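Morning, everyone. Please bring up the model on your screens, and then we'll walk through it together.

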Amino acid sequence: MRRKFIIKKTMYAIITVFIVLIFNYILFRILPGDPLSMIMRNPRATPEMVDTVSALYGLDKPWYTQFIMYFQNMLHGDLGMSFVYKSSVTGVIATKILPTLWMLGMAEIIAIIVGIFLGIVAAANRGTKIDVGTLGFSLVTYSMPTFWLGIIMVSVFCVGLRIFPVGGMQSPGMSFAGEGAQLLDILHHSVLPIITMSILLIGEYALTMRNTLMDVLEEDYILTAKAKGFSRKYILRKHAVPNAMLPMITIIAINLGLVIGGAIQIETVFSWPGLGSLMYESLSARDYPLLQGLFLLITISVVLANYLTDITYSYIDPRVKD
Amino acid sequence: MKKKLLTIVLSIGMIFSMSIGLSGCGDSSEETSQMVIGTGQFIDTLNPVTAWAMVSGEVFMLIYDPLVRKDDNLESIPCLAESWEVSEDNLTWTFTLAEASWQDGEPFTSEDVKFTYELFLSDVGSASMYGSYLTGIEDIQCPDDRTVVITTSEPKANMLQNSTPILPEHIWADFGEDEISTFANENPIGTGPYKFGELTDTSLTLLKYEDYFGTPGNVEAYSFVEYKNSDSTAQALKTGEIDAAMSLNVAQMDDLAAEDGIDVISGEVLGFTQLCINVKDDGVGNHILKDVDVRHAIDYCIDKQNGLDMAYLGAGTIGTTLINPSDKYHWEPTEDVLRSYDIDKANEILDDAGYIDNDGDGIREDSDGNPLEFDLISIADNAEEVKYGQIIKAGCIDAGIEVNCTTMDSGALYDQIIAYDYDMFIWGWGSDVDPGVILNVLTTDYGNEPGWSNARYDELYLKQAVTLDEDERIAMVQEMQQIAYEEAPYIVFVYSNTIQAIRSDKWEGYKMIPENGSYFFNLSIENYMNMKSK
């Protein structure tokens, strides 16, 4: 039964990725805008230059030829060459993927831990000042404009207190005493973006956790547990929280899948070399190969996160199997 | 479970506090006189044959030398070429080369020049940002190691404006065409005053080349660091994280000027921003715009002083013709032909041309009853140009012309331009020291955006390119600007400035190049060479 379920889900995942790939390919070409014009809007560019560059990137061939070539190359693991960076798409993405994973991954982990904790505290103290305070904090941070918060953090911590650098991931042109010093430099640059991002994410987790936990606390089996004479803490930990975690897993999985897409605004404020701003730049330059590469990556990670959630559910929630 | 959580939280906290303790170490750069420059753009590639980003060009100027450089007045001065002479018929140039060495120790010879120029004249090289500098060169000879003889098919007026970087033959000669177009050039070797140091995701560091054949620079290292928004750049300059900033905006200018120890300038850049009007014969745009009277009337409706103050916060000069006013090639419209803001004059022109408001809706119509109603496109993420569109709209309505402003992204706009499916739009062009570069954009062969074609303009363009006598050339170039101004396919409304800043408490020896120009991105490396730490 479970094996059949997993095979079915795997097939679905593969088909989804494939359809999204075709969709992306068409989507970028329907978009108005010619990549060549973006690379070469220069008074020195002559029509002959445009033709030469066009041939170089295979843009002079009909769209179906380009389409077939794209799939053939992709099956060989070759995602093509970026128009803007003039190097392989895999290479360009590879340099940006770690900064994004590190910054957003850390921010997510902090937000999940703090968010769940706040949600539990609020739900357990329903209606009290603690609950109202937590709720207020979550709602305010949840609805805060990303860019605004980023700039406020910069002016307080970088310009005012001068304890963190304004942007980037490393001090430029510094020769470090060793790996350790370099790592510390990166950490020092990471603090502010990570904290800012996690502040923005905490609200969603806290609110969801609070609401589901309150629903669970209304259930009959909680009353039963109370009747059995278990302590409030014990009921919360053993009966209520595990059951409230089910919807949380969905949210966490979806958010983790999206981590790879980066966070354009945070990356822009802190000049973080991540995938979000890379995507924005490649879109404004109509860098088709790079866009396709990035969307392929995002597609795969979202589909994979959902796939893993489905599988996890089939283990922790017996109802899903059927 | 809870204990584990606590450990994680605690260890994250520790990592953070450790890194806070590190903040004092950032200042060590001063001892080695390293200048960190914040840019709004990052290098696309280190390969000069395939790069197009402006900041890449700036970096190549420091790593590589051309034959001839620009001084602080943008006049030509010797670089790899110690001296030069041109034959009586103006077709043969003989360059005598300096004794220089490549940054990897190999000697520099005339063969390197021949190789480089032939590379940039080939198919792959001519499509580069330096390709057009070399057009017209027919033959390159190396009679000895120190001499290059270049023969051109016709006199080449821009020979000494040619800033093509000379590449080392011993590194590049092995590549085929395909390899050159994908070569990352991760460790570029040039003869220039600075050599490649380190490249990370957001920064590029250049180090002083001790064995430079000319006078070496004072600064030990230059780092170019990308900031993705100019507010952060301004903040980083205030905290001293960077020493200079290249692409600030006007809004930050007052804020930075109020700070002690920061020099902030609004410097002229070569180029202009224009209202471009569709005059293409078989284009899809509103045919009324093909009437030059209507274009002139629109020009009279634009309050250019107000536009400069409101949209550009005063950072620029009111626009007229294709070449900047500070340039010796500039043609200034005389009082009787100058079209400055004058609604009465616009109304008079339109009345005389027979555009009358017959249905009383405030908008004039042509003789067939078509209203003078035009769409104006601005590029959405360019706030200044979007604002300027509104100013044009406000002026035009007073003369009975309805302008509908829309915005779109540059990609979408470009598609409409190619199809000549637009009425008017706003964008700008960057220029170069040689006037031929900017004059080229309105030639028929270039496929210009307004779809304009003028036989006299095209003829003069070809003629000025082969005229070595400066006075004669200036006369031709000025006539071209006059033709373009009278015909008004472009309404040049502003020469906008660039805002740049340097920490004057730490650095000295820099100035605006040319006189009203900028610190950086000014086609000269004088500031990089003369910069000194205090």
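Residues are numbered from 1 along each chain as its sequence is written, chains are lettered from A and ligands numbered from 1 in written order, and side-chain values use heavy atoms, with hydrogens and water left out.

Confidence next. pLDDT is the predictor's confidence in each residue, from 0 to 100. Chain A has a mean pLDDT of 84, and 93% of its residues reach 70 or more. For chain B the mean is 89, with 94% of residues at 70 or more. For the complex, the predictor gives an ipTM of 0.74 and a pTM of 0.82.

Now look at residues 12–30 of chain B. There, pLDDT stays under 50. The model has 24 contacts beyond four places in sequence for this stretch; a contact means heavy atoms within 4.5 Å. Where pLDDT is low, predicted coordinates should not be read in detail.

On to chain A. What does it contain, helices or strands? It has 13 helices and zero strands. Helices (H or I, at least four residues) and strands (E, at least two) are DSSP runs, numbered from the N terminus. Confidence in chain A is lowest in helix 2, residues 35–39, at a mean of 65. It is highest in helix 6, residues 129–142, at 92. The C-alpha atoms of chain A fill a box of roughly 85 × 60 × 40 Å along the principal axes.

Now chain B. Its domain assignment gives domain 1 (1–63 + 192–261 + 504–534), domain 2 (65–187) and domain 3 (271–496). Such bounds come from an automatic or database assignment.

How do domain 2 and domain 3 of chain B meet? Their centres are 37 Å apart, taken over C-alpha atoms. The contact takes 13 residues from domain 2 of chain B and ten residues from domain 3 of chain B. Together they bury about 830 Å², 62% of it on carbon and sulfur atoms. Buried area is the accessible area (1.4 Å probe) that two parts lose on being put together, summed over both. Pro155(B), Ala157(B) and Gln161(B) supply 47% of the area that domain 2 of chain B buries against domain 3 of chain B.

Last, the charges. The rule finds one salt bridge across this interface of domain 2 and domain 3 of chain B. A salt bridge is a side-chain nitrogen of Lys or Arg within 4 Å of a carboxyl oxygen of Asp or Glu. Glu75(B) and Lys328(B) form a salt bridge through their side chains, at 3.9 Å, N to O.

Notes. This is a predicted model: local features need pLDDT of at least 70, side-chain atom pairs count only at pLDDT 80 or more; totals for chains, interfaces and linings use all residues.
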